[in-house]
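This report describes a protein chain and the ligands placed with it. Please read it alongside the coordinates.

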Amino acid sequence: MSEEAFNPCISCGACCSKFRVSFYWGEADDAPGGYVPAHLTEKVTPFLRAMAGTHPIPLRCVALQGEIGQSVNCSIYSHRPSPCREFSVWLEDGRPNRACTTVRAKIGLPELPAIHPAASDAERRAG
Ligand code: SF4
Ligand code: SF4
């Protein structure tokens with residue numbers, strides 16, 4: 001999920017339930033320097049972990065709290081793995097991320113409007 005000030009993610013959660021969230025095993029906290037709670041992950045390969053609940057069939061990440069499409073939050077937000085940090089609502093040019101739009105549609109949520117990158121922070125804060 002994204003951390004924008006105007007945050008459509010808090011009423012969505014689609015990407016936490018529609019993708020396998022897998023990442024290099026060293027991100028888990030049973031590895032030196034890791035930070036993702038290992039007990040919330042599953043082994044995919046010797047080198048890959050996935051958030052439990054997203055593998056092999058993405059149903060719902062175990063770290064997601066709340067009701068999808070209504071009100072959600074990530075219980076490990078500051079320790080979420082890299083795919084979650086890299087998945088954004090908007091692209092750098094301000095257009096909505098197509099992958100975000102696609103999974104939002106799967107839970108009945110509309111496409112988000114494009115934003116102007118230069119004004120994005122102020123617009124998001126204004127909501
Ligand atoms: S699908 Fe998009 S809007 Fe929904 S939680 Fe993920 S990044 Fe946020
Ligand atoms: S770790 Fe958090 S942001 Fe990542 S899929 Fe799970 S609930 Fe979503």
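**Confidence**

The model is predicted. Across the protein chain, pLDDT averages 91, and 88% of the residues score at least 70. Where pLDDT is low, the predicted coordinates should not be read in detail.

**Ligand shells**

The two shells are set out by residue class in the table.

| Shell | Residues | Nonpolar | Polar | Charged |
|---|---|---|---|---|
| Ligand 1 | 13 residues | 10 residues | 2 residues | 1 residue |

Of the residues around ligand 1, the closest are Cys9, Cys12, Ala14, Cys15 and Cys100. Helix H3, which spans residues 98–106, contributes 3 residues, the largest share of the shell around ligand 1.

**Helix H3**

Which residues of H3 are buried? They are Cys100, Val103 and Arg104. These residues lie on the same side of H3, because they cover an arc of only 105° around the axis. Cys100 is also among the residues closest to ligand 1. Helix H1 (15–18) is included in what covers the buried residues of H3. On the face turned away from the buried side, H3 carries the exposed residues Arg98, Ala105 and Lys106. After H3 comes Gly108, with a positive phi near 85°.

**Ala50 in strand E3**

Ala50 sits in strand E3, which runs over residues 48–51. Is Ala50 buried or exposed? Ala50 is buried, because 22 other C-beta atoms lie within 10 Å, and the cut-off for a buried residue is 20 or more. When neighbours within four places in sequence are left aside, Ala50 is in contact with Arg20, Val21, Ser22, Thr41, Glu42, Val44 and His55. Ser22, one of these contacts, is 28 residues from Ala50 in sequence, yet their C-alpha atoms are 4.0 Å apart in space.

Note on methods. Residues numbered from 1 in each chain as written. Chains lettered and ligands numbered in written order. Predicted model: local features only at pLDDT ≥ 70, side-chain atom pairs only at ≥ 80, totals over all residues. Near = placed C-beta within 6 Å. Helix = DSSP H or I, 4+ residues; strand = E, 2+ residues; numbered from the N terminus. Nonpolar A, V, L, I, M, F, W, Y, C, P; charged D, E, K, R; others polar. Buried ≥ 20, exposed ≤ 12 C-beta atoms within 10 Å, placed from the backbone. Contact = placed C-beta atoms within 7 Å. Arc of directions from axis to C-beta. pLDDT = per-residue confidence, 0-100.
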